Structures are given as structure tokens and as C-alpha cells.
Amino acid sequence: ITLSGDGTSHKNETYETKNATVIQEGNRRLQFFLGIKQAVNHTSETQLEGWIELVQDMYHLAYESGLCSEEDARVFWNLVTGFHSDHAKDQKKLFRLMTEWKICKRDVRDEKAMTRMTDLEYGVLILKCAEQVVREVGGLAVWDTLLPKERETHLESVRRQLVRDMGESEFEKLSEEKADADFFLWAGCCMHKEMNSFKGGCVGMEQFWAANNLEGLKEMYNRDNAAAVQLAPSTDASRRANEITKGGAVKVASLCGAVFCHKDRKRGAQDTLQFFFDSVLGFVISFSDTNNTRFQSHAEACAVLITYLELFIQFLIYVKENKVSRKLNHMEQNVFDGLHCIPTRHEICVITLYWLSISVPYMREVRGPYREKDNVLELGKLHRRVVAFIDVLINDPNLLIGSDASYEKGSLDGQLWERPEAFYAVHRYIPHLPHLRGVFIAFLKGARETWLRFSSEYADGGAISKATSEQIERAWMESTNDLCEGDFATFRQASRRNPTMSLVQYNSRKMFKKNGTSDYIRTLSPEMRQFLCKITREQDASGANREEKLKLASHCQHVAEENMKKDQVKKDKKKAKSDAIDAVSPLTTITDLNHACSLGTCSDGYLTVNALEMHLKWHQKYGAPDAVPKQKKDWGKTRMDKIEMLRTAIDKYIDLKNLGKFRTSVEDDSETEDVEVTVEDLDGYDSEADYYQ
């Protein structure tokens with residue numbers, strides 16, 4: 001059995017979906033939808049608990065219905081050989097937790113070893129248990145004072161440990177079976193590999209302009225940020241607007257999606273765009289659904305934009321002239337400016353070339369109709385080939401941007417371009433793009449680094465590389481996590497059509513449709529059907545669906561209360577620090593400082609390091625602005641450094657006082673970071689106590 005899972009949020013609630021693939025003899029595979037369930041959070045521990053609870057519920061039902069002789073869910077985990085997910089840290093941690101959980105199969109082996117014992121061996125085991133438990137509690141005298149329940153607890157603990165040792169002994173006797181017993185592989189979704197590698201390339205491309213001191217991308221401010229930059233330059237608001245605002249091909253593609261293919265079908269100019277293209281070209285086009293963030297939608301949008309760039313610009317002029325105001329709205333103007341930006345055109349062309357040469361051919365081999373491998377565990381060679389091909393393009397970009405470029409050498413699979421017109425459109429603009437070569441190489445380097453990071457499971461010496469071909473077949477998994485991704489999409493659509501339908505009802509309908517439930521029910525006896533009807537009525541009457549919602553509400557309330565307690569503790573600590581500073585009798589003249597510095601070590605008023613820091617904090621709060629750095633680490637390492645810092649702060653305080661300007665409150669309430677004393681700080685001191693003196 002191989003498992004796959006994923007999580008998402010829907011209406012501010014966490015949902016998790018689970019699927020399983022049963023691999024039978026002859027590599028016959030059956031895929032099962034195990035349901036979508038709400039969770040209190042998306043931590044790895046919570047997800048593992050969800051899997052454990054699900055399997056236990058299945059085995060409990062099977063045991064009650066007589067389909068299995070014992071209610072032992074550990075049998076299921078013995079059969080699990082693989083886990084498929086995305087590359088998020090919580091999923092990788094979940095795999096590690098699952099690996100640890102599979103130790104339960106050792107318990108099954110332990111108990112089997114115990115059933116094979118003779119009466120004599122069993123008697124010896126009992127004697128060993130008695131001897132060890134008496135020794136652990138402190139002797140026979142202590143044992144006699146224990147209550148019967150306490151004795152049972154100690155005996156059961158020792159018995160389990162001895163049985164576990166027997167199972168380990170049996171496990172060590174295995175040779176080839178030992179590796180199979182703990183065999184468990186993880187593989188990441190190939191769609192997420194490509195998507196993240198594309199993002200890595202975009203990051204590398206974005207850094208190219210500043211790294212080479214070139215004119216950057218035109219920034220596309222939203223309406224509010226544009227007003228902040230224009231009306232209030234050199235202010236915090238304008239600086240923040242500049243920090244969060246971006247430009248470039250991906251930004252233009254996103255804005256174009258909102259204008260030409262809005263996710264709200266009542267809005268946007270999609271119909272007008274289609275009428276325009278039909279009148280000009282004789283056929284219509286549909287812009288990529290970037291407004292819904294579909295897979296590869298931004299790359300495909302760049303290919304469409306570069307192919308019909310002049311027509312899109314002409315269309316925006318057409319839209320403007322059809323308005324009474326003869327003006328484009330703010331978003332349309334951003335798109336218009338972005339399409340005219342030369343650096344942005346560089347990026348649009350680079351993304352188009354990468355999409356044609358690597359993204360599309362890669363996905364053809366991953367999930368295309370003529371793919372050679374359908375098991376994600378067998379795609380290590382493909383990912384090494386992708387990285388090697390990127391190296392070839394980095395060394396010789398002319399394979400794609402040269403005058404003799406072709407799909408035979410410029411494409412990963414050597415097949416025809418997905419959009420030949422986009423490739424030729426890029427070459428039409430190459431003479432007007434002087435930095436295309438550098439931008440393209442920067443994109444490839446960023447993508448290469450991400451490919452290596454997201455295909456690490458195929459590395460030499462890893463679990464997949466060590467697995468035999470038979471083990472690879474036993475752990476068959478889809479190349480992409482479409483099962484789980486599609487579950488959420490279907491659920492969202494169903495919840496919109498049936499907003500009052502419970503999650504249990506939805507799961508039941510989908511399981512019935514996908515898991516072959518109808519055919520299975522026909523094989524059941526009348527007694528079994530009657531039993532199923534009975535437990536179904538009991539489940540419906542139990543109110544479990546409402547209890548689950550109340551549990552989630554209770555958890556949210558508990559989290560809120562805990563956070564409020566933590567915030568109150570922080571406020572109390574902050575107030576205590578502030579009160580301590582207010583209680584300081586500050587040094588506000590150089591004379592007072594010199595006097596304090598002249599005192600002996602044990603004298604009253606001697607300035608220890610702690611005392612100096614309190615004086616610095618007072619000047620930080622009430623003294624001259626910026627007289628004392630915000631970070632404590634910038635105050636200096638030694639006592640003399642802090643004295644000089646205090647001397648400077650006093651000078652600035654005196655200047656401020658002479659000007660008649662006083663600070664009566666904190667202008668910046670950011671907390672001072674308390675840095676621990678390091679080994680380097682103690683250099684030259686005999687001890688930490690001497691340092692503070």
C-alpha cells in the first residue's frame with residue numbers, strides 16, 4: 001500500500017485529504033479515496049494522528065462486521081511502502097514520523113515470536129519477568145508493599161520489554177527480509193518540482209538587473225501605493241510602497257489575467273478581447289487563467305503575450321478610446337506600461353523560452369500520453385537529465401537564442417515546440433533585447449539550483465537509489481499528486497453547489513463513486529447489508545458531525561486564550577522593564593559620569609556593566625534620539641565601550657536640553673534584544689563575574 005495526502009485551507013478552516021493505492025500481484029493497482037477531514041491545525045503531528053485514527057476506524061469497522069479476525073491496525077502499517085506528497089517541510093516531517101510509527105510492525109513480530117514459544121520457554125520468560133521487576137522496584141521487601149494494581153503495571157511493562165527484545169532478536173536473524181521489513185519511501189510531486197524550479201528561475205532573473213547595475217523593471221504600484229509614492233515621497237509610507245511593489249513578467253502576467261480572464265466571470269474584458277481577436281485574426285484566443293493561479297499559467301501567459309504583443313497593446317488602446325473618459329483604469333494602465341517596458345520584455349521572452357524548452361517537455365515525460373515511466377520512483381534519470389540539459393543551455397544559450405536554434409537541440413525531449421509561433425515571436429524581438437543572453441543564463445542558474453534541491457530524493461546513496469526494482473514496484477506512486485489536488489478542487493465546487501451538505505455526506509458520495517462501492521455491495525450477504533444499515537443509522541444519529549465542529553470551535557477558543565495569556569506575560573515583562581528604567585537615577589552630566597567612573601570596585605555607586613546598561617536604556621528612552629543604538633549588541637563588548645557610549649549619549653542629551661527639547665516618552669517601543677555573553681566577550685577576563693564588574 002502507498003499513501004498520499006495534502007492539506008489546504010477553506011473558509012479559514014484546515015482540511016486534509018487522504019488517498020491510498022493498493023498494489024496487487026501482477027502490478028494491478030487499485031486507488032481509493034479515504035476522505036477529506038477537518039483538522040485543528042496543519043502540523044505534522046496532527047496529520048499523523050489523523051492517519052492513525054483513520055486506519056483504526058477502518059479496522060474497527062472491519063472487525064465488527066466480521067471481515068477480519070482481530071482489531072489490529074498494525075497489520076495495515078506493515079503493508080505501507082510509500083508516501084507521496086508535496087515538498088513542504090511539514091510533509092517531510094510527517095514522513096519521518098510515519099517511519100517511526102512503522103516500528104509497530106516490530107510489535108507484531110514480537111508477539112508472533114511469543115506464540116511460537118514452548119511451555120518451558122514461556123515459564124522461563126515468566127521467571128525472568130518476576131526477577132527483573134522485583135529488582136527494578138528495589139527488592140522483595142518493596143515489592144510486598146505495592147498495591148495489586150501497581151504490581152500489574154510493573155509486570156506488564158517488564159513483560160513488554162522482554163517480548164520486544166525477543167522480537168528484535170528474531171529481526172536480527174533476518175537477512176534480505178530485514179530491509180523489506182522497514183522498507184518505506186517518500187517521493188515529492190513532480191508538478192511541484194517544476195513549479196518551484198520555475199519560481200527559482202524567476203528569482204535569479206529578478207536579481208540580474210541590480211547585480212549588473214542595469215535599469216530595473218518598471219514597478220507596478222497598486223492605486224494606494226502609487227498615491228503614497230507620488231503625494232508623499234521620502235516618507236515611511238512611500239518607502240514601504242517601494243519595498244512591497246514589484247514589476248516584471250510574472251507581475252504583468254498576473255495583471256493581464258485579472259484584465260483579460262478575471263476569475264469572476266462577470267468582470268474582466270475576456271469577451272471583448274475575444275471579439276477583438278476574431279475581428280483582427282479570424283479566430284479567438286483564451287488568455288491563461290493566471291487570476292486563479294493555475295499550474296504553468298504564468299509561463300503560458302508570457303508565451304501568449306509575446307506572440308500577440310502588438311495586438312494586446314492595440315487592444316488596450318481600443319479599450320481606452322471606447323471609454324467616455326478616454327483613460328485606462330489603474331490596472332489596465334499598469335498592463336499597458338508593463339508591455340512597453342524593455343526589461344519586462346526580456347523576462348517575458350526568457351520565461352517563454354524556458355517553458356518551451358524545459359517545462360512542457362518535462363511534463364510530457366511526467367504525465368503525457370506517451371510517457372515511458374508512470375512510477376515517480378523511476379524518474380531519477382529524468383531529473384538528472386533535466387539538470388544536465390540546463391547545464392548545456394547555460395554553457396551555450398545559442399541553442400535557444402541563436403539564429404539557427406531549433407527544437408532538435410533546444411528542447412529537452414527533442415520534440416516539436418508546444419507553441420512554435422511563440423518561439424518565432426521571441427526571435428523576432430531578440431535584436432531589440434540587448435541583455436537577453438544574461439537574463440536567460442541568470443534564470444537557468446536559479447532554476448538549476450532549485451531543481452537540485454527539489455529532486456534530492458533521487459540522489460546517489462539515497463533510499464530510492466538503493467531500492468531494488470521489485471521494491472520500486474511494491475512502492476508504486478503517481479508521478480504527480482493530482483489525486484489529492486483534485487480532491488480539494490472537487491470539494492470546493494461541490495460545497496458551492498450544496499452549501500449545507502456535510503463533509504461526511506460529501507465523503508460518502510465520492511467514496512461510493514470512486515471506490516467501487518456499488519459493485520462491492522452486490523457481493524455482500526443480506527445479513528451484512530442489514531448490519532451496515534444499522535451502523536449507518538447509529539452514525540447518523542450520533543451527532544458526530546456537530547461534535548467535530550464543536551471540537552474545532554473549542555480548539556480555536558483554547559488557542560485564543562493561550563495567546564492572550566502569552567501576550568499578557570509579554571506586556572507584564574515589558575512594563576517591568578519600563579518601570580526598572582524609570583526607577584534609574586540617570587547620569588545626565590559628564591561630571592557625574594566621571595565621578596562614578598573614579599569610584600573603586602566595591603564602592604557605593606560603582607558603575608558595573610549592568611548599571612551602565614540601565615543608564616544606556618534610560619537615555620535610549622528619554623535621551624536624544626538615536627543616541628543609543630536599538631540593538632544591545634551595538635553598545636560594545638567591554639565595560640569601557642559602554643562607558644564611552646554613555647558619555648556620547650550624555651553629550652547629546654545636554655545638547656538637546658540646551659535647545660529646550662525633551663523626550664517624555666518612548667518614540668520607538670521596539671524591545672532591546674538581550675544578547676547572551678559569548679566566549680569572545682570573556683576574552684581577557686578570568687570569569688564572567690569579572691566581566692560584569
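The legends below describe close-up views of a predicted model. Residues are numbered from 1 along each chain as its sequence is written, and side-chain values use heavy atoms, with hydrogens and water left out. Because the model is predicted, local features need pLDDT of at least 70 and side-chain atom pairs count only at pLDDT 80 or more, while totals for chains, interfaces and linings use all residues.

**Figure 1. Overview of the protein chain.** The secondary structure comes to 33 helices and five strands. Helices (H or I, at least four residues) and strands (E, at least two) are DSSP runs, numbered from the N terminus. Of the 693 residues in the chain, 41% are buried. Here buried means under 20% relative accessible area, exposed means over 50%, and partly exposed lies in between (1.4 Å probe, protein chains only). Contact means heavy atoms within 4.5 Å. Among contacts between residues at least 6 apart in sequence, 72% join residues at least 24 apart.

Figure 2. Strand S1 (residues 2-10) and strand S2 (residues 13-23) run antiparallel and are joined by nine bridges. Two strands are said to pair if DSSP finds at least two bridges between them. Gly-7 stands opposite Glu-16 in S2. Two residues lie between the strands of this hairpin, in which Lys-11 takes a positive phi near 55 degrees.

**Figure 3. Parallel pairing around strand S4.** S1 pairs with S4 in the parallel sense over three bridges, and Leu-3 stands opposite Phe-83 in S4. Strand S4 (residues 82-85) also pairs with S5 in the parallel sense, over four bridges. The bridge partner of Phe-83 in S5 is Trp-186. In a regular strand the side chains alternate between the two faces of the sheet. Strand S5 (residues 185-188) is covered on both faces: Leu-185 and Ala-187 are buried on one side, and Trp-186 and Gly-188 are buried on the other.

**Figure 4. The largest nonpolar core.** A nonpolar core is a set of buried Ala, Val, Leu, Ile, Met, Phe, Trp, Tyr and Cys residues joined through side-chain atoms within 4.5 Å. The largest has 95 residues, and Phe-260 and Phe-312 have the most contacts inside it. Helix H17 (residues 342-367) gives the most to this core, with 13 residues. The core lies between domain 1 (2-126 + 174-189 + 471-542) and domain 2 (191-466), because both give residues to it; the domain bounds come from an automatic or database domain assignment. Not counting residues up to four places away in sequence, Phe-260 touches Ala-269, Gln-270, Leu-273, Phe-287, Phe-312, Phe-315, Leu-316 and Val-335.

**Figure 5. The surroundings of Thr-290.** Thr-290 lies in the loop between helix H13 (270-281) and helix H14 (297-307). This residue counts as buried because its relative accessibility is 4%. A polar atom of the Thr-290 side chain lies 2.9 Å from the backbone oxygen of Ala-253, and the side chain also reaches the backbone nitrogen of Gly-257 at 3.4 Å. A polar contact is a pair of N or O atoms within 3.5 Å; within protein, one must be able to donate a hydrogen and the other to accept it, and residues adjacent in sequence count only if both atoms are side-chain atoms.

**Figure 6. The surroundings of Ser-479.** Ser-479 is found in the loop between helix H24 (469-474) and H25. With a relative accessible area of 1%, Ser-479 is buried. A polar atom of the Ser-479 side chain lies 3.0 Å from the backbone oxygen of Val-366, and a polar contact of 3.5 Å joins the side chains of Ser-479 and Arg-371. Leaving aside neighbours within four places in sequence, the residues in contact with Ser-479 include His-84, Cys-189, Cys-190 and Asp-374.

**Figure 7. Ser-502 and its loop.** Ser-502 lies in the loop between helix H25 (482-497) and helix H26 (503-514). At 24% relative accessibility, Ser-502 counts as partly exposed. The side chain of Ser-502 reaches the backbone nitrogen of Gln-505 at 3.2 Å. Ser-502 and Arg-546 are 44 residues apart in sequence, with 9.7 Å between their C-alpha atoms.
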